Amino acid sequence: MSGTLAQIAEIEAEMARTQKNKATAHHLGLLKARLAKLRRELITPKGGGGGGPGEGFDVAKTGDARIGFVGFPSVGKSTLLSNLAGVYSEVAAYEFTTLTTVPGVIRYKGAKIQLLDLPGIIEGAKDGKGRGRQVIAVARTCNLILIVLDVLKPLGHKKIIENELEGFGIRLNSKPPNIGFKKKDKGGINLTATCPQSELDAETVKSILAEYKIHNADVTLRSDATADDLIDVVEGNRVYIPCIYVLNKIDQISIEELDIIYKVPHCVPISAHHRWNFDDLLEKIWDYLKLVRIYTKPKGQLPDYTSPVVLPYCKTTVEDFCMKIHKNLIKDFKYALVWGSSVKHNPQKVGKDHTLEDEDVIQIVKK
């Protein structure tokens, strides 16, 4: 392990020394690619088997969505978790107080949302320290990440945590880069840019790919892309997760300061201890999760508005709905009747490819 860590430190030092300009862009691109490869070695252990996953980290996925909480010790993360869900988490007076990921489940607007504490991600977990690796594996499966910050010292902490998550290939509040990348057997590197590029030229693209031993590929840059964007696409293991910054301990600041915080994007100010502003937080969580609730209507009965079937926003066809209930349902499927904003008439007869919208009502008609 230490060899890889030393190499990482060396490259990071060289990058810090190198001035950023047109002449060095090529060299920096190479260093970034090397760094990404080394980091991947740390997160994904080499060789067979090895120690199994750590205690308490294989958290079974239950519910309709999963939220991971990250924060420095003593910012009030555990208080927030336990006040949101009444989850008991081992608290003591030493540094990393939360020992295992204790899942709590809250019900909100009919959806079951799993809350997970992600302990010890901070400072050095991406360098393979501690039990960072298993926690990262769990973090990457979250639908939303909440970074809990102390309102009195938020910015330093925010940068550190973002850096750690970036190092594990987690991209916060961003979309995958608009880059087409296809490996080929021959024909060299074929680069097309559909708009002007300020950082990447043919030479830089070639050398980054050469670092990955890729010498034949089609690359299409559809937006002004950076070396980091290209590396993300080549690595191909990045996850894009929305994130909310929760600024805790607002009982310790002035109203004027609070007004400023409210203008910061992706931020929610709260007091975990006094349970202030939890409504706002839950509402924002709901917005960012983009869940779609579908109510079922058995034939000849009123729709059941108490327990919706909850789907992720990218999988909301009638077929997705059927699969969520039972995989056999699609075999006997004839058509569905749908009421709601996704249809023109109420009810409307639809097939299995129809896309449902939030709070639609559906009745499945079998063969």
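Reader: Which residues does Lys77 touch, not counting residues up to four places away in sequence?

Author: This is a predicted model, and in it Lys77 belongs to helix α3, residues 77–85. Lys77 has a relative accessible area of 7%, and since buried means under 20%, Lys77 counts as buried. Not counting residues up to four places away in sequence, Lys77 touches Phe69, Val70, Gly71, Asp117, Leu118, Pro119 and Val148.

Reader: What confidence does the predictor give the protein, and over which residues does pLDDT stay under 50?

Author: The mean pLDDT of the protein is 84, with 85% of the residues at 70 or more. Where pLDDT is low, the predicted coordinates should not be read in detail. One stretch with pLDDT below 50 is residues 87–99, which has 25 contacts in the model beyond near neighbours in sequence. Another, with 15 contacts beyond four places in sequence, has pLDDT under 50 over residues 47–57.

Reader: How many helices and strands does the protein have?

Author: Of the 367 residues in the protein, 45% are buried. Among contacts between residues at least 6 apart in sequence, 67% join residues at least 24 apart. The secondary structure comprises 10 helices and 16 strands.

Reader: Is Ile170 buried or exposed, and what distance separates its C-alpha atom from that of Arg238?

Author: Ile170 lies in strand β5, residues 170–172, and is buried because its relative accessible area is 0%, against a cut-off of under 20%. Beyond four places in sequence, Ile170 touches Ala139, Arg140, Ile145, Leu165, Val239 and Ile241. Arg238 is 68 residues from Ile170 along the chain, and the separation of their C-alpha atoms is 5.9 Å.

Reader: Where is Leu42 placed, and what separates the C-alpha atoms of Leu42 and Leu5?

Author: Leu42 is part of helix α2, residues 22–43. With a relative accessible area of 2%, Leu42 is buried. Leu42 and Leu5 are 37 residues apart along the chain, and their C-alpha atoms are separated by 8.4 Å.

Reader: Which residues lie nearest the centre of the second largest pocket?

Author: The second largest pocket holds about 580 Å³ of space. The elements that give two or more residues to its lining are β9 (239–241), α9 (278–289) and β13 (304–312). Of the 23 lining residues, those nearest the centre are Asn143, Tyr240, Pro242, Tyr288 and Tyr313.

Reader: From which domains does the lining of the second largest pocket draw at least three residues each?

Author: By class, this lining has 12 nonpolar, five polar and six charged residues. The domains that each supply at least three residues to the lining are domain 2 (65–173 + 239–288) and domain 3 (291–366).

Reader: What is phi of Lys249, and what is phi of Lys290?

Author: Lys249 sits in the loop between β10 (243–248) and α8 (255–262), whereas Lys290 sits in the loop between α9 and β12 (291–296). Lys290 counts as partly exposed because its relative accessibility is 45%, which falls between the 20% and 50% cut-offs. Each has a positive phi in a residue other than glycine: for Lys249 the value is near 70°, and for Lys290 it is near 50°.

Conventions
Residues are numbered from 1 along each chain as its sequence is written. This is a predicted model: local features need pLDDT of at least 70, side-chain atom pairs count only at pLDDT 80 or more; totals for chains, interfaces and linings use all residues. Side-chain values use heavy atoms; hydrogens and water are left out. On a 1 Å grid over the protein atoms alone, a cavity is a set of points where a 1.4 Å probe fits but cannot get out, and a pocket is an open set with protein on both sides within 12 Å along at least five of seven lines; lining residues have an atom within 4 Å of a point. Grid points are joined across faces, edges and corners, and a volume is the space filled by probe spheres set on the points. Helices (H or I, at least four residues) and strands (E, at least two) are DSSP runs, numbered from the N terminus. Ala, Val, Leu, Ile, Met, Phe, Trp, Tyr, Cys and Pro count as nonpolar, Asp, Glu, Lys and Arg as charged, and the others, Gly among them, as polar. Domain bounds come from an automatic or database domain assignment. pLDDT is the predictor's confidence in each residue, from 0 to 100. Contact means heavy atoms within 4.5 Å. Buried means under 20% relative accessible area, exposed over 50%, partly exposed in between (1.4 Å probe, protein chains only).
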